[in-house]
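Subject: Structure for you to look at

Hello,

Here is the structure I promised to hand over.

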Amino acid sequence: HGKQQGMQQGMRQGKQHGESTMLLRQMERKFGQVSEEVKQKIEEADSDTLLEWGEKIISASTIDDVFH
């Protein structure tokens, strides 16, 4: 039982890492170099928040627009 729970947690973390990596790449492509503060904010965000920011980046004019 504990082994399966550990596998699920690992899969969630892997998915979240992939989402944060993708969002960082999109931000760097659109806005140029991002600050360490922004990188940390993205790396600490949960999956739902990353998806929301990923949608906002499409219409954002600035990095701040993505987070608000």
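Predicted model: local features only at pLDDT ≥ 70, side-chain atom pairs only at ≥ 80, totals over all residues.

**What I found**

Glutamate 52 is partly exposed, with a relative accessibility of 42%.

Glutamate 52 forms a salt bridge with lysine 56. The closest N and O atoms are 3.5 Å apart. Lysine 56 is partly exposed too, at 25% relative accessibility. Why can these two residues reach each other along the chain? They are four residues apart in helix 3, so about one helical turn separates them. In general, side chains of opposite charge can pair when their charged atoms come close.

**The pair in helix 2**

The count of salt bridges comes to two. Glutamate 36 and lysine 39 make a salt bridge through their side chains, at 3.7 Å from N to O. These two are three residues apart in helix 2, which again means a separation of about one helical turn. Is each partner buried or exposed? Glutamate 36 is exposed, with a relative accessible area of 58%. Lysine 39 counts as buried at 19%, because the cut-off for buried is under 20%.

**The overall layout**

Now a step back to the whole chain. The protein chain has four helices and zero strands. From the N terminus on, the order is α-α-α-α. The C-alpha atoms fill a box of roughly 45 × 20 × 15 Å along the principal axes. The chain has 68 residues, and 28% of them count as buried. Take the contacts with a separation of 6 or more: residues 24 or more positions apart account for 60% of them.

Which elements build the largest nonpolar core? Helix 1 (2–31), helix 2 (36–44), helix 3 (47–56) and helix 4 (63–67) each give two or more residues to this core. The core has 14 residues. Those with the most contacts inside it are Leu23, Met27, Val38, Ile42, Trp53 and Phe67.

Leaving aside neighbours within four places in sequence, Val38 is in contact with Met27, Ile63 and Phe67.

Helix 2 has three buried residues to look at: Val38, Lys39 and Ile42. Seen down the helix axis, the buried residues of helix 2 fall within an arc of 100°, so they line one face. The face turned away from that buried side carries the exposed residues Glu36, Glu37 and Glu44. What covers the buried residues of helix 2? The cover includes helix 1, helix 3 and helix 4.

Helix 3 can be read in a similar way. Its buried residues are Ser47, Leu50, Trp53 and Gly54. They cover an arc of only 125° around the axis, which puts them on the same side of helix 3. Asp48 and Glu55 are exposed on the other side. The cover over the buried residues of helix 3 includes helix 1, helix 2 and helix 4.

**Isoleucine 63**

Isoleucine 63 sits in helix 4. It is buried, with a relative accessible area of 19%. Which residues does isoleucine 63 contact, leaving aside neighbours within four places in sequence? They are Met27, Phe31, Val34 and Val38. Here is a distance to check on screen. Isoleucine 63 and lysine 30 are 33 residues apart in sequence, and their C-alpha atoms are 9.1 Å apart in space.

**Glutamate 19**

Is glutamate 19 buried or exposed? Glutamate 19 is buried, with a relative accessible area of 15%. Its side chain makes a polar contact of 2.5 Å with the side chain of serine 47. Not counting residues up to four places away in sequence, glutamate 19 touches Ser47, Leu50 and Leu51. Ser47 and Leu50 are among the buried residues of helix 3.

Best wishes

Conventions:
Residues numbered from 1 in each chain as written. Heavy atoms only, no water. Core = buried A, V, L, I, M, F, W, Y, C linked by side-chain atoms within 4.5 Å. Buried < 20%, exposed > 50% of the residue type's maximum accessible area, 1.4 Å probe, protein only. Contact = heavy atoms within 4.5 Å. Arc of directions from axis to C-beta. Salt bridge = Lys/Arg side-chain N within 4 Å of Asp/Glu carboxyl O. Polar contact = N/O pair within 3.5 Å; in protein donor to acceptor, adjacent residues only side chain to side chain.
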